[in-house]
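Dear colleague,

Please find the structure below, followed by a short account of what was found in it.

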Amino acid sequence: MAAQALAAVVAIAVLAQSAAAAAAPPPAKGPVTYVFGDSMSDVGNNNYFPLSLAKSNYPWYGIDYPNGVATGRFTNGRTIGDYMADKFGVPSPPPFLSLSMVDDDVLGGVNFASGGAGILNETGVYFVQYFSFDQQISCFEMVKKAMIAKIGKEAAERLYGLGARKVVFNSLPPLGCIPSQRVHSGNGKCLDHVNGYAVEFNAAAKKLLDGMNAKLPGARMALADCYSVVMELIVHPEKHGFTTAHTSCCNVDTTVGGLCLPNSRPCSDRKAFVFWDAYHTSDAANRVIADLLWDAMPSAGSGGAATTPLAASPAPSPSRAP
């Protein structure tokens, strides 16, 4: 994927279960989640786009997913969102394009993320077919209408406009340290100026969310500090069971999207690599990232983690990485 594809703000909206929704089948056992984002969160939406160039539904993607199936996730196993769903005690929400709006499944959470998406609608246009961020919001509007038809407007209106009151936005990671960017440094090091862009963006995003929290009664919007979490794995991989954080586990296509080449073998010890391909973290890294993000929540493990904004960490220096 191109660097712009990773610049999408990934949001996980967590909805408090209403009495009306709880009464509708199937009964919810935890919070309902709606996921928006790019290839880091896509769980198969792009599989349904026949012309999309941003697909990962082939080997060796999914080799460590249950049954070794390539589901359209841009990693060898599960995404960070999958692991976070586990912690919430709910199934990972299915891709929007796999659902029918007349099914009860729309009440249990939906994943709208699409590989190639970005904050700007023109981001990823060279991938031909994908859901832009605006299109993901439009899809959410369709789901909301389906919810109203099933459980009534009063219950569905627990959403703020089109979104939930409790929202977690993932900050940008240190993009200058992903393998696709390191190759441009000349010495294999991180690109400090690219990391600087991410730090600047994250600071502005936090300021924006703080302002929205102040203006919207009951809103709980938080910025998860993915920058520091991913940088921790890059700077101290051995502390978390990794040996390699500067390059990818699989051999990648360097001409189109930096994805794994299906005609080559991935590394033998996939759990030792932080990065799966040139842009995306591995299943093992996604598990650790989810653990660290969960632990950063003041109410982690208490069942109230989904409703409490994450504590904001000071923006780290972009030059910390090796």
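K150 counts as partly exposed, at 30% relative accessibility (buried means under 20% relative accessible area, exposed over 50%, partly exposed in between; 1.4 Å probe, protein chains only). The model is predicted: local features need pLDDT of at least 70 and side-chain atom pairs pLDDT 80 or more, while totals for chains, interfaces and linings use all residues. Residues are numbered from 1 along each chain as its sequence is written, and side-chain values use heavy atoms, leaving out hydrogens and water.

K150 forms a salt bridge with D104, with the closest N and O atoms 3.2 Å apart (a side-chain nitrogen of Lys or Arg within 4 Å of a carboxyl oxygen of Asp or Glu). K150 lies in helix 3 and D104 in the loop between helix 2 and strand 3 (110–111), so the pair ties together parts 46 residues apart in sequence. Helices (H or I, at least four residues) and strands (E, at least two) are DSSP runs, numbered from the N terminus.

The buried residues of helix 3 are Q136, C139, F140, V143, K144, A146, M147 and I151. They cover an arc of only 165° around the axis, which puts them on the same side of helix 3; the arc is that of the directions from the helix axis to the C-beta atoms. On the other side, K145 and A149 are exposed.

The structure holds seven salt bridges. One of them joins K87 and D291 at 2.7 Å, N to O. K87 lies in helix 2 and D291 in helix 8 (residues 283–296), so this pair ties together parts 204 residues apart in sequence.

With kind regards
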